[in-house]
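Good morning. Please have the structure open while I talk, and stop me if you lose your place.

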Amino acid sequence: MSFISYLINGLSLGSVYAIIALGYTMVYGIAKMLNFAHGDVIMIGAYTALIAMTQAGMPPIIGVLIAVCVCTLLGIVIERIAYKPLRNASSSLAVLITAIGVSYLLQNIALLIFGANAQTFQSVIKWKGISLAGGKLNISGETIVTIVVCLIIMAALITFVQKTKPGQAMRAVSEDKGAAQLMGINVNGTIALTFAIGSALAAIAGVLLCSAYPSLTPYTGAMPGIKAFVAAVFGGIGSIPGAFIGGLLLGVIEIFGKAYISSQMADAIVFAVLIIVLLVKPTGLLGKKIQEKV
Amino acid sequence: MLKKMTKNTKSNLITYGIVIVAFVVMQTLISAGSISSLLEGLMVPICIYVILAVSLNLVVGILGELSLGHAGFMCVGAFSSAFFSKCMRDVITVDIVRFLLALLIGIVTAAVFGILIGIPVLRLKGDYLAIVTLAFGEIIKNLVNVLYIGKDANGFHFSTKDVMALNMEADGTVIVNGPQGITGTPKDATFLIGFILILITLFIVLNLINSRDGRAIMSIRDNRIAAESVGINVTKYKLMAFTISAALAGAAGVLYAHNLSTLTANTNNFGYNQSIMILVFVVLGGIGNIRGSIIAAVVLTLLPELLRGLDDYRMLIYAIVLIVMMLFNWAPKVIEWRERHLRFGRRKKEAVE
């Protein structure tokens with residue numbers, strides 16, 4: 001019975017990773033950059049929701065919506081000011097370092113406003129959850145809601161990317177920016193939209209993460225950010241289903257590692273599995289194989 | 001005499017010159033006592049970061065691969081050498097001999113790790129390579145945190161659980177104590193040693209770049225397939241650059257370990273934060289530009305300390321400075337604007353031609 005409970009917890013944590021990883025992978029697919037500040041957008045989202053709920057006394061659902069709006073705006077502003085000028089820079093490392101700068105910036109802004117002390121996040125989910133097998137298997141409300149939200153987001157995102165006009169534009173831009181522009185696609189707008197969606201997802205992930213693990217500091221986003229980045233690479237960076245599978249697998253491996261091997265070595269196990277997967281399949285589980293030409 | 005030198009030699013001599021002059025100036029100021037003790041305490045860390053930045057530039061700038069696990073090699077060098085120094089503290093009493101042996105051990109261990117990690121990692125490309133180096137760095141940090149080593153009359157005891165699991169005799173001493181790390185490492189690192197290590201690092205890296213091997217490495221960076229087709233052994237040269245870089249990072253780690261009395265491994269000193277910090281030095285100083293790496297490492301290490309008066313705002317300003325500098329250095333539009341309005345000597349010449 002504990003196996004099933006670990007599995008469900010793993011899937012729940014994995015769902016959070018998957019939602020964050022979607023943001024990483026979409027941005028990578030379209031802008032070919034590793035957005036290191038993504039993890040800190042999660043933290044900003046969680047703080048916004050916390051402030052809206054405790055200081056302004058709003059109901060959780062409004063708090064989450066405000067967090068989503070703030071992060072969406074933040075994502076667009078960051079892209080516009082820090083990343084867009086560097087889009088055609090001679091080295092792709094330039095934008096990577098700028099993203100690191102933005103990450104420091106967000107952390108330190110949060111540090112100035114909210115202080116370094118951990119704040120207790122109230123769960124946005126009031127439901128107690130369900131109890132199965134005569135009370136032997138308890139699944140919390142957060143766990144169920146997280147998994148369901150992740151599935152909904154996943155389905156919505158795939159439909160959006162495959163069926164709608166902006167989604168098609170996104171795929172076109174990620175395939176070939178120049179050609180997409182010639183076809184009359186607004187490349188800048190599409191990239192901004194991608195950042196907006198990624199950041200909105202980060203806000204949701206932040207709220208879900210802090211509902212399950214209620215301690216919030218300015219550095220809360222850093223480690224989940226890195227793990228989600230690993231998940232995105234794990235599944236094949238640039239691939240939306242890959243981010244989903246990578247996230248879930250990573251969450252399950254982490255929880256199982258903690259439960260059955262060693263709680264201190266869980267991170268090492270996660271990274272070791274990543275290395276093994278990449279050595280066997282160098283572009284991740286669902287990544288495209290790129291043929292190199294001379 | 002100067003005219004006979006190639007452009008490279010001249011440029012290298014200038015780099016050595018800058019380092020030597022900086023050292024002499026700082027040393028004079030320190031002996032004159034006109035520097036705050038805070039700044040004086042920063043001298044060894046600056047040497048450490050210069051070595052790290054130069055060695056990472058070998059991988060990022062010369063080999064052209066993004067490594068995010070450089071701090072991992074530093075960690076290996078630091079812990080292996082601190083372990084040695086602590087064990088030998090009472091056996092070898094001459095500080096400098098013990099430190100040199102520790103240095104050798106740190107460098108060799110880091111180089112071995114460089115080879116072991118390099119063989120699988122260098123098969124990958126681009127961002128995948130970056131994430132795997134990051135993963136290795138985190139694994140090293142994580143493993144060091146669960147490592148317990150003790151010593152008693154029966155020899156060494158190892159464990160990955162806790163001190164009790166070491167099963168030592170009553171006279172045993174704990175050397176590596178898991179997350180508490182190693183305490184009581186002799187403080188052997190000095191500014192002079194750091195300075196000499198910088199010179200050695202520069203000598204190795206600059207000579208490598210201007211050698212046949214270095215040109216082979218750079219040809220792989222510029223076009224791997226073309227390099228392969230003219231008979232360059234890609235794996236060998238990649239591994240060579242990676243291992244040398246790891247060994248030099250190990251040397252920086254040795255310096256780090258012997259500058260502190262307590263050595264622990266956390267996210268800020270041996271985790272990805274540190275690796276990224278070193279990468280910031282390299283990119284800001286100019287990818288592939290060794291002199292730039294040195295200057296960036298010195299300036300960015302001093303910057304947070306110089307901003308200390310601003311207290312809570314210093315890291316915020318640091319972040320803003322970083323973003324603005326990146327935009328100023330790399331954004332195509334800014335470069336164009338700079339060329340038009342700020343007339344640098346070199347650019348003017350091009351215009352005349």
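In which helix of chain A is A:G39 found? A:G39 is in helix α2 of chain A. Before I go on, note that this is a predicted model.

Let me stay with that glycine for a moment. Is A:G39 buried or exposed? There are 28 other C-beta atoms within 10 Å of A:G39, and the cut-off for buried is 20 or more, so A:G39 is buried. Leaving out residues up to four places away in sequence, A:G39 touches A:G221, A:A222, A:P224, A:G225 and A:I226. Take A:I197 as another reference point. A:G39 and A:I197 are 158 residues apart in sequence, and their C-alpha atoms are 14 Å apart in space.

A:K32 is found in the loop between α1, residues 2–31, and α2, residues 38–54, of chain A. Phi of A:K32 is near 55°, which is a positive value in a residue other than glycine. A:K32 has 16 C-beta neighbours inside 10 Å, so A:K32 counts as partly exposed.

Now compare a residue in a helix. Where does A:V149 lie? A:V149 lies in helix α5 of chain A, which covers residues 141–163. A:V149 counts as partly exposed because it has 18 C-beta neighbours inside 10 Å. If we set aside neighbours within four places in sequence, A:V149 is in contact with A:I204 and A:L208. From A:V149 to A:K32 there are 117 residues in sequence and 27 Å in space, C-alpha to C-alpha.

Let us step back to chain A as a whole. How many helices and strands does chain A have? There are eleven helices and four strands in chain A. Chain A has a radius of gyration of 19 Å, close to the 19 Å that the globule rule gives for 294 residues, so chain A is as compact as a globular protein of that length. Its C-alpha trace spans about 60 × 50 × 35 Å along the principal axes. Of the 294 residues of chain A, 53% count as buried. If we take the contacts in chain A with a separation of 6 or more, 74% of them are between residues 24 or more positions apart.

One helix pair in chain A is worth a look. Helix α10 of chain A is residues 240–261, and its axis comes within 8 Å of the axis of α11(A), with a crossing of roughly 135°. That angle makes α10(A) oblique to α11(A). The crossing of this pair is right-handed. On the α10(A) side the contact is made by A:L250, A:I253, A:E254, A:G257, A:K258 and A:I261, and on the α11(A) side by A:A266, A:I269, A:V270 and A:V273. By class, that contact has seven nonpolar, one polar and two charged residues.

On to chain B. Chain B has 16 helices and five strands. The radius of gyration of chain B is 22 Å, close to the 20 Å from the globule rule for 353 residues, so chain B too is as compact as a globular protein of that length. Along the principal axes, the C-alpha atoms of chain B fill a box of roughly 80 × 55 × 45 Å. Buried residues make up 44% of the 353 residues in chain B.

Chain B also gives us a helix pair. At what angle do the axes of α4 and α6 of chain B cross? They cross at roughly 30° and come within 8 Å, where α4 is residues 70–87 and α6 is residues 126–145. The two helices are therefore roughly parallel to each other. Their crossing is left-handed. In this contact B:A71, B:G72, B:C75, B:V76 and B:F79 of α4(B) meet B:F136, B:G137, B:I140, B:K141 and B:V144 of α6(B). Those residues divide into seven nonpolar, two polar and one charged.

Last, the contact between the chains. How many residues does the contact take from each chain? It takes 38 residues from chain A and 38 residues from chain B. On the side of chain A that touches chain B, α4 (93–114), α9 (222–235) and α11 (266–280) each supply at least two residues. The largest share of that side, twelve residues, comes from α4(A). By class, the side of chain A that touches chain B has 28 nonpolar, eight polar and two charged residues.

That is where I stop. Thank you.

Terms used:
Residues numbered from 1 in each chain as written. Chains lettered and ligands numbered in written order. Predicted model: local features only at pLDDT ≥ 70, side-chain atom pairs only at ≥ 80, totals over all residues. Rg over C-alpha atoms; globule rule 2.2 N^0.38 Å. Buried ≥ 20, exposed ≤ 12 C-beta atoms within 10 Å, placed from the backbone. Contact = placed C-beta atoms within 7 Å. Axes fitted to C-alpha atoms, helices over the stretch in contact; angles between N-to-C directions. Parallel < 35°, antiparallel > 145°, perpendicular 65-115°, else oblique. Left-handed = near helix turned anticlockwise from the far one by under 90°. Nonpolar A, V, L, I, M, F, W, Y, C, P; charged D, E, K, R; others polar.
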